[in-house]
Amino acid sequence: MKVLVVFYSMYGHVYRLAEAVAQGAREVVGADVVLRRVPEILPEEVLEKMGATTPQKAFAQVPVCTVDELAAADAILFGTPTRFGNMCGQMRQFLDATGGLWLSGALVGKVGSVFASSATQHGGQESTILTFHVTLLHQGMIVAGLPYAFQGQMRNDEITGGSPYGASTIAGTQGERKPSENELAAARFQGRHVATIAAKLTR
Ligand SMILES: Cc1cc2nc3c(=O)[nH]c(=O)nc-3n(C[C@H](O)[C@H](O)[C@H](O)COP(=O)(O)O)c2cc1C
């Protein structure tokens, strides 16, 4: 059973979540887990001005995803930073290249799930994940979130990302905050949860 974790990250927050998601998925017996990033579409000079050049080196070794890899997976977990309450343009552009998969129904019946990051606590993590789900539903995917069985999303003793829609992290307005232990635990839970469903569907 193949699990694909595919993300875009500018400053490393979504990448850290993606690694935790992959780690959780690998805990499921029989899961063959692959980590990929979507192609960058911004020019080097823009990335430099945005302060992304150095942080992106930390995950430059992650192979760039192809559309065919989506079709080959049994479950796909997508990670994106929030852009005005929606997914980032890099992810949108990648998904907009999947018209052929939509036409052939290649993703129908696969499990799809989303995790996210935003700068501020209420900056649109939930809207990013929920609006992303619309694309997955158009592709005929079975949408999975982060069940409340992950008890860490109940806590009020610290600021935390994570909702029934998916794992998330709060990056801080300068990207200064790192994913917390609770947010990483949510990401691992989501990866394990999706891989467990995929294992049942492919039995
Ligand atoms: C064009 C743009 C729009 C953004 N829109 C939002 C937003 O609506 N809400 C928010 O909290 N953060 C917003 N951010 C901040 C990013 O979500 C934040 O940098 C990202 O989650 C960090 O994740 P990364 O390190 O994986 O890139 C925006 C950033 C950019 C560049």
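This is a predicted model: local features need pLDDT of at least 70, side-chain atom pairs count only at pLDDT 80 or more; totals for chains, interfaces and linings use all residues.

Trainee: What makes the buried residues of helix 7 line one face?

Mentor: Viewed down the helix axis, the buried residues fall within an arc of 160 degrees, so they line one face of helix 7. They are Gln-125, Thr-128, Ile-129, Phe-132, His-133, Thr-135 and Leu-136. An α-helix has 3.6 residues a turn, so residues three or four places apart point the same way.

Trainee: Which exposed residues sit on the face turned away, and what covers the buried ones?

Mentor: Leu-137 and His-138 are the exposed residues on the face turned away from the buried side. The cover over the buried residues includes strand 3, helix 5, strand 4, strand 5 and strand 6.

Trainee: Why is Phe-132 called buried?

Mentor: The cut-off for buried is under 20% relative accessible area. Phe-132 has 0% relative accessibility, so it counts as buried. Phe-78 has 1%, so Phe-78 counts as buried too.

Trainee: How many aromatic pairs does the structure hold?

Mentor: There are five aromatic pairs in the structure. In one of them, Phe-7 and Tyr-15, the ring centres are 5.6 Å apart and the planes stand at 35 degrees.

Trainee: Why is the pair of Phe-7 and Tyr-15 called tilted?

Mentor: Planes under 30 degrees apart count as stacked and over 60 as edge-to-face, with the rest tilted. The angle here is 35 degrees, so the pair is tilted. Phe-78 and Phe-132 also form a tilted pair, with 5.2 Å from centre to centre and 45 degrees between the planes.

Trainee: What does the pair of Phe-78 and Phe-132 tie together?

Mentor: Phe-78 is in strand 3 and Phe-132 in helix 7, so the pair ties together parts that are 54 residues apart in sequence.

Trainee: Is Thr-169 buried or exposed, and how do you know?

Mentor: The relative accessible area of Thr-169 is 0%, so this residue is buried. Thr-169 has its place in strand 6. Beyond its neighbours within four places in sequence, Thr-169 is in contact with residues including His-13, Leu-17, Gln-125 and Glu-183.

Trainee: In which sense do strand 1 and strand 2 pair?

Mentor: They pair in the parallel sense, over six bridges. Together with helix 1, strand 1 and strand 2 make a right-handed β-α-β unit.

Conventions:
Residues are numbered from 1 along each chain as its sequence is written. Side-chain values use heavy atoms; hydrogens and water are left out. Buried means under 20% relative accessible area, exposed over 50%, partly exposed in between (1.4 Å probe, protein chains only). Helices (H or I, at least four residues) and strands (E, at least two) are DSSP runs, numbered from the N terminus. The arc is that of the directions from the helix axis to the C-beta atoms. Contact means heavy atoms within 4.5 Å. Two strands pair if DSSP finds at least two bridges between them. A crossover is right-handed if, with the strands pointing away from the viewer, the path from the first strand over the helix to the second runs clockwise. Rings of Phe, Tyr and Trp (its six-membered ring) pair if their centres lie within 6.5 Å; planes under 30 degrees apart count as stacked, over 60 as edge-to-face and the rest as tilted.
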